Amino acid sequence: MSSTLQSLENWVAEVAALTRPANIHWCDGSEAEYAALKQQMLREGTLVELNQQTHPGCYLHRSHPLDVARVEHLTFVCPPQREDAGPNNHWMDPAEAHRKIDALFDGCMQGRTMYVIPYCMGPIDSPLARCGVEITDSAYVVANMKIMTRMGAAAQARIEREGSFVKGLHSSGELDPERRFIMHFPHELTIKSYGSGYGGNALLGKKCHALRIASHQARSEGWLAEHMLIVGIENPQGETHYVAAAFPSACGKTNLAMLIPPQGYREAGWKVWTIGDDICWMRPGADGRLYAINPEAGFFGVAPGTSASTNPNALNSIARDTIFTNVAVTADNQPWWEGLPGTPVTDWQGRAYDPANGPAAHPNSRFTVSARQCPTWSEQAEAAQGVPLSAIVFGGRRPSLLPLVMEARDWSHGVLMGAAMGSETTAAATGAVGVLRRDSMAMKPFCGYHYGDYFAHWLSFDQPQARLPKLFHVNWFRKGSDGKFLWPGFGDNLRVLEWMIKRVQGRVDGVETPIGILPAHDELELDGSGIERARLDALLAVDTPAWQEELHAIGAYLDEFGSRLPERLRQEHRRVAAALADAARPQCEAAGA
Ligand code: SAT
Ligand code: MN
């Protein structure tokens, strides 16, 4: 197969001239192609068969030990002008970036097969979907792209019809961290990634296209490309409210997207429907509401911590036809990670398990599985027009200060809440874990342009005819004085989502505070949760002096975006700071009296 689209033909020929592969394979996305790829990887040893009785169709891939997470310090966004990348990105002059990375690509596929993967991000017939072509020398990447995207002949047909596509060139190279770059050229709709075979660095449809390049495209076309899950909450009356939520990597997006309601809710008839667990593209519909699609077709989820108690739907999904990456293995060859019953005998590097070497599964080990395998998968995930959003939720890992939930008083306030998001870092990226960093809208590693312009783009959706979703902020990770999490999380998070939906319906009033609208104590359904009043007080406490410090820190962070920070966001920041000062005053006077 090749293409009727000349620009695609030309680009493939150009890449082949540079990388000099032994063969070129155009992926058609068929099951036969997928089966042949797996056989080849099994022969080469890049895939290992797992226990086919307990896990039919499941395989394990082991990465190079120095190639197990995204590498933000080697990831560049290269618009022509440095200022357009913003302080939130590493920038390189595009000509220099091409030169540097092309030197690595020169001859890198000699003796290897070059795969051409046409793919579509989003339902194949959706006007919100966008297409790309990834060229790679990694069969593992092809197999993952098959699960994660609509890949093959149908995508190619759409590309040939539309005449345009995002170009992604990838080679695993030597897997040498010293010879590794992930480069983005938003103005050329081009991605070049060399030297890593790992998830977000190598599956170019995911973070590179669906977030970094797409966020840039979305800005000029009037939509939003966001790092959000999408979940449908069906109440006992049979109405479904769709909620999108932005949390940084490895903060529970997959768990929330697949939540199982607490028993009392299940008995009352509540249901949860999974649309997506990582990425959300949304745009205003004719009725003024925001409509969202999940551009992905699969889940690339964090394995450790996934268990029958935390996420039975995920565990169910991955019982068959799943690619595991960097997990451990039991004596009878079942995949294993911390949080599962049983004992590992082989660690993620293929060594005999020895606790002295650290966890058996890598903390960022993953499963790749088709979304359709999820028991709560929603048919609406294929809806061409997307689903209308009732609420958008921001959140992060904050051991203190941030209440369980708060609602923004209006869109501008919500954009400030999103911009001010902070979270403790996780194993999803290389570097220190557990350090608080600002991660606006959970897009710090993924926004393909200047954050100041991005905040302005968010604010621009607040139009007179718009019927925007309500904006909220949650924190499942607040700890008590004993250092333990105050909130049980997982299924009980539905209690918080229910409150949000009641707010959307205008059925509860909440309590206004300087930082936003919080639930009144009797508005959160706690029946059967075992959470006592004192704990709820701690979860919803607003510590005014500590919040004043937080506002100070947020102000300093926003100042980093200089003159591109929208004035409306500054005003909003001043408004909240003033409200906090007001709240602090009577206390000071009392203390002084
Ligand atoms: O490594 S990925 O970027 O694919 C996953 C994540 O960090 O969210
Ligand atoms: Mn993610």
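Where is the place of serine 378?

1. Serine 378 falls in the loop between strand E22 (366-370) and strand E23 (387-395); strands here are DSSP runs of at least two residues, helices (H or I) of at least four, numbered from the N terminus. Keep in mind that this is a predicted model, where local features need pLDDT of at least 70, side-chain atom pairs count only at pLDDT 80 or more, and totals for chains, interfaces and linings use all residues. Residues are numbered from 1 along each chain as written, chains are lettered from A and ligands numbered from 1 in written order, and side-chain values use heavy atoms, with hydrogens and water left out.

2. Serine 378 counts as buried because its relative accessibility is 4% (buried is under 20%, with a 1.4 Å probe and protein chains only). The serine 378 side chain reaches the backbone nitrogen of glutamine 380 at 2.9 Å. Leaving aside residues up to four places away in sequence, serine 378 touches Trp273, Thr274 and Ile275 (heavy atoms within 4.5 Å).

3. On to the ligand. Residues around ligand 1 include Arg70, Tyr198, Ser249, Phe300 and Arg366 (a heavy atom within 4 Å). Helix H7 (199-202) and helix H8 (205-221) each supply at least two residues of this shell.

4. Taken alone, ligand 1 exposes 250 Å², and the protein buries 98% of that (Shrake-Rupley, 1.4 Å probe).

Notes: Buried means under 20% relative accessible area, exposed over 50%, partly exposed in between (1.4 Å probe, protein chains only). A polar contact is a pair of N or O atoms within 3.5 Å; within protein, one must be able to donate a hydrogen and the other to accept it, and residues adjacent in sequence count only if both atoms are side-chain atoms.
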